[in-house]
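Welcome! Please take a look at the sequence and the 3D structure below, and then read on for a short tour.

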2 protein chains.
Amino acid sequence: MQDALPRFGYRLIAEDGAARVGEIATPHGPVRTPAFMPVGTAGTVKALYPEQVKAAGADIVLANTYHLMLRPGPERIAKLGGLHAFMRWDGPILTDSGGFQVMSLAKLRQVSEAGVRFQSHLDGSPHMLSPERAIEIQCLLGADIQMQLDECLELPAERGEAQRAMELSLRWAERARAAFARLANPGQALFAIVQGATDPELRQRSAQALIAMDFPGYAIGGLAVGEGHDVMLRTLEGVVPLLPADKPRYLMGVGAPLDLIESVARGIDMFDCVLPTRNGRHGLAYTWNGRLNLKNACYADDRAPLDAQSMCPAARDYSRAYLHHLVKSGEYLGSMLLSWANTAFYQELMGGMRAAIAEGRFADFAEATKRRLAAAQET
Amino acid sequence: MQDALPRFGYRLIAEDGAARVGEIATPHGPVRTPAFMPVGTAGTVKALYPEQVKAAGADIVLANTYHLMLRPGPERIAKLGGLHAFMRWDGPILTDSGGFQVMSLAKLRQVSEAGVRFQSHLDGSPHMLSPERAIEIQCLLGADIQMQLDECLELPAERGEAQRAMELSLRWAERARAAFARLANPGQALFAIVQGATDPELRQRSAQALIAMDFPGYAIGGLAVGEGHDVMLRTLEGVVPLLPADKPRYLMGVGAPLDLIESVARGIDMFDCVLPTRNGRHGLAYTWNGRLNLKNACYADDRAPLDAQSMCPAARDYSRAYLHHLVKSGEYLGSMLLSWANTAFYQELMGGMRAAIAEGRFADFAEATKRRLAAAQET
């Protein structure tokens, strides 16, 4: 359906094995894929200025429907000119549907055919999120890429329970599609979410049903919730080949650098994850030589920066000794610098993968990078 | 003594009533006075990048000897190349002596003729701060302007107690001077601190004794500790006229914008205060139209920025509605933007005062600014 609209589209540029380079067109500009979307939960990528997110190389950010519906409220953001203006991000924005956060954060949630009734984790106020309301909120926010409401289960889940949730999510996909057709602006796009836990057959049925509805993009949901790296990859291997080659594929909530490399190798185009910023706030730095824990006393006298070759000032210009001091002292600047450096590293990693795929050397790049990332830095 | 050294000096440029414009030369460059020094307690002006502090117009920052001696330790900072390199601030740095923080933060403190024995507020470890060790630490940090150790009393204080502390501080000034002569690098300067609580005669005796020792700069300590605006100004009126016109005068720990204006009017050249950054972290914004509490619900739908005319992006480019949302949500970016905007406002205020003094219109500027700052913004 969205394929006919003027301003959303996916163009496949190059393939190398299952890995692919492409470009998504949106009303707020292009997204180079494979893309990592920094997470701006409450309308801000935590501890970063929007200019830093852009300069780090991010084309698109994610914002959370659940958080923004509770505070400051989607009607308020719409009145203020939409989420792009509100958060000063003029690039593309993808919003999730709120389903995952309702399951992980909200209180007293009740799932029914109609939707999810829950209480706010902020003040206990009652709310109802239906497939239609989730779309309405995302349209009020003005999201370029919107997600259907789905039911997210914790893993491991009983097969019967996984099947019930997957089938409910299919019916919600149909309702989301109808609401989106009524409410969205030209050029915006709605993605469907393949569910089915780690059961290959359920995943296949979910994918086939959603493909029949012809969405402009497909997400794989319900992974990275504790099933482990290998199970996640096996699930991807079962699902991705079913998805249409001319649509972007988005693996939700993933992940660590190794997850990104292995998932790109299996044909994924889009990712989001809180790891670079959340771990930055906790003193962890992602670098080409592995993850460093800046709380570690071994950095107290280390004059070296995180990465002298980085284009990011946070990684290049500040000593590990200073970062260690800031982290140990609980200073804002520690969180600011490590969140910034990690955001930049994630974008460098995606850029490295895009270049390697375009040049037909992805397997070598992946192997060499995995070796570098595994290097033990800390003594 | 320091007057003979090549790289510290004070040049009086213009006077307008008691207010004065001047320039302090230091080994790390000039300081335009009257100057407000942003406070970088633990080697970082909280929630700001050093580049933002500089771009806001600050020539010099203050760092706290007490905090840095406990963590990461002055010997460590010296080994890492000094505080300028450690915190990436290549302009002048003034360090306090640690005396005030020992009184306000440390545990089990015991003042004797030798110095102050105390326990760290971080881990309870025992420490001794003597006049000599305070200088040694400041020299290890590489501070351009250093402060003598003094004994800071809480106000109100008994006259006998105030006299005892003032006289002890005079003896400590003499010892600090001897240690500084032994340890300091050429061009660095040691300031003395006038004490004596709010007693005019004690203040006068303190000032005269310190002037006889011929320091390159004089601070007024022990104010802004609860005595109130008017008592502070009366104390300044008693002390400042005694101080030599060819030396800079530093009012420690002050203050709110109104305090700065009234103190400049009475001949003060230098200030430091945590208010712009601490209040920024608590949702308060200083603007030319008064102080705004961004937590206030009246800003929830306010599209206006803090100050459309500001040169500071934080004050100019983000809506009050967004700032309100960030503050209410406890987001880093709220603290970052308000600390930045407040730091920039304080520097704009100092720049405005310097220009007005240089042009002989300080009284008009002060009156007009006080009227603007008193404007009630919040309904």
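Through which surface do the copies meet? They meet through the same surface, because 100% of the interface residues of chain A are also interface residues in chain B. Please keep in mind that this is a predicted model, in which local features need pLDDT of at least 70, side-chain atom pairs count only at pLDDT 80 or more, and totals for chains, interfaces and linings use all residues. Residues are numbered from 1 along each chain as its sequence is written, chains are lettered from A and ligands numbered from 1 in the order in which they are written, and side-chain values use heavy atoms, with hydrogens and water left out.

**How the copies are related**

**The interface**
- Contact (heavy atoms within 4.5 Å) links 39 residues of chain A with 39 residues of chain B.
- Between them, chain A and chain B bury about 3500 Å², with 56% of it on carbon and sulfur atoms; buried area is the accessible area (1.4 Å probe) that two parts lose on being put together, summed over both.
- A:Tyr49, A:His325 and A:Tyr332 supply 20% of the area that chain A buries against chain B, more than any other three residues.

**Charged pairs across the interface**
- The rule finds eight salt bridges between chain A and chain B (a side-chain nitrogen of Lys or Arg within 4 Å of a carboxyl oxygen of Asp or Glu).
- In a salt bridge, the side chain of B:Lys46 meets that of A:Glu331 at 2.6 Å, N to O.

- B:Asn64 sits in the loop between strand E5 (61-63) and helix H2 (65-70) of chain B; helices (H or I, at least four residues) and strands (E, at least two) are DSSP runs, numbered from the N terminus.
- B:Asn64 counts as buried because its relative accessibility is 4% (buried means under 20% relative accessible area, exposed over 50%, partly exposed in between; 1.4 Å probe, protein chains only).
- Not counting residues up to four places away in sequence, B:Asn64 touches B:Val39, B:Gly40, B:Thr41, B:Asp96 and B:Gln101.
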